[in-house]
Amino acid sequence: MALTRLLLSNFRNISQADLTLDAGVNLFCGDNGSGKTSLLEAAHMLATGRSFRSRQHKSVIRHDSHGLTVFAQLDTGYSLGVERLADGGGRVRINQAAAESSSQLANCLPLQLINSDSFAALDGGPGVRRRLLDWTVFHVEHLFAQEWKNYQIALKQRNALLRRGKIDTQVIGVWEEQLAQSGERVDAQRRVQFLALRAAVSGLLEELPRSLLHHVDMGYRRGWRKESTLSEALRESRDGDLGQGHTRTGPHRADVRFTVAGEPAHNVLSRGQQKMLVCAVRTAMAQLVCRHREKPVFLVDDLPAELDEHNQQVFAHWVGRCASQVLVTGIEEGATSRPWRQLEAPWNCPKVFHVEHGNISAEASAAQ
Ligand SMILES: Nc1ncnc2c1ncn2[C@@H]1O[C@H](COP(=O)(O)OP(=O)(O)OP(=O)(O)O)[C@@H](O)[C@H]1O
């Protein structure tokens, strides 16, 4: 799976862009503030419907314009379009037809992002790590999205009853039954993918010579007590939940922990080691997904930040094995392209774009 053409209008400082992308590596080089990250943000919006930098669509729309559009053609034949308007309106389209949910976008465009926010996988809250695991489960297990949706519906109903402060045990019992059934299935699917992910991450980290990263361990917490079924756990926590006004147990509380010798990984690892761990997790996720479907696209914002040349090369090799395409940003072309030039074709001849004050132009290559 690769983006063959990407069109943007009024996206942050980019007023218009129409880019023909290569399968393999596409480098976007330019000074600070030129628009490189905005371009990755636009590609990411096509896979999620949202920006990775802002919850407010308005802040992404170019100043003084009414709305933004991002459109892409994929080599799978799909076309994706997202429009966001300053008045709050907007549309998401797949092959010209209205999409029902952002998960339809995600299904068309499996995408991995590595940027400065990726460290949150180690030092952020459980929700960030849960979403990492769920990205893998979503792309591998076809029934997961529906199961998770069923769980969320039942959770919302149970929480609404708890907030009322007075429980009709028969009514809450019905929702707990649905919660328990969907929740156990969500957990079972997560567990299978967690074990595969842990094995894949450890395989990648073993490739690093003499590294503290060999001692990283991953643990999965399902969100309720080991000894109980979810149904029992919900019943037991009912009175406490009533006091708090929400459900405190279940797979919406699941977590994936990264530790080194029992300590949280971010307390032990250097910043560069943390970035390599995050890169390994993202690569492992892509590896698992491409066993079942097309290889994902990687978006990498400023790879050289925090990584020495050897680690950049290792990561480039990892990506070359499990991605169909990568969009990479960097300030200086030589440094940004170096890790990729060590790989085999087609990864070793990146297509280079220069980004300047929101204008993006492709560099004529020797082959063109
Ligand atoms: N809504 C907007 N309208 C117009 N310009 C904007 C908007 N939001 C942000 N900008 C500007 O867009 C520019 C591009 O930002 P971007 O983060 O893409 O730069 P970058 O090339 O990734 O920079 P760096 O190398 O510093 O990370 C910045 O100058 C920013 O101030």
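Start by selecting strand 9 and strand 10 (residues 255-260): 6 bridges join them, and they run antiparallel. Strands count as paired if DSSP finds at least two bridges between them. Strands here are DSSP runs of E with at least two residues, helices are runs of H or I with at least four, and both are numbered from the N terminus. Before you click on, know that this is a predicted model, where local features need pLDDT of at least 70 and side-chain atom pairs count only at pLDDT 80 or more, while totals for chains, interfaces and linings use all residues. Residues are numbered from 1 along each chain as its sequence is written.

Now pick aspartate 217 and look across: threonine 259 in strand 10 stands opposite.

(Axes are lines fitted to C-alpha atoms, for helices over the stretch in contact, with angles from 0 to 180 degrees between N-to-C directions; contact means C-beta atoms, placed from the backbone, within 7 Å.)

Jump to glycine 30, in the loop between strand 3 (24-29) and helix 1 (36-48). The UniProt annotation "binding site", from an unreviewed entry, covers Gly30, Lys36 and Thr37, among others; such annotations may be inferred rather than shown by experiment. Is glycine 30 buried or exposed? It has 22 C-beta neighbours inside 10 Å, so it counts as buried. (Buried takes 20 or more other C-beta atoms within 10 Å, exposed 12 or fewer, and partly exposed is in between.) Among the contacts of glycine 30 are His354 and Glu356.

Then select lysine 36, in helix 1. Lysine 36 is buried too, with 25 other C-beta atoms within 10 Å, and touches Phe28, Gly30, Thr329 and Val355, not counting residues up to four places away in sequence.

Last stop: the largest nonpolar core, with 87 residues, where Leu46, Leu109 and Leu277 have the most contacts. (Such a core is a set of buried Ala, Val, Leu, Ile, Met, Phe, Trp, Tyr and Cys residues joined through C-beta atoms within 7 Å.) Helix 11 (residues 271-290) gives the most to this core, with 11 residues.

Technical notes
Two residues are in contact if their C-beta atoms, placed from the backbone, lie within 7 Å.
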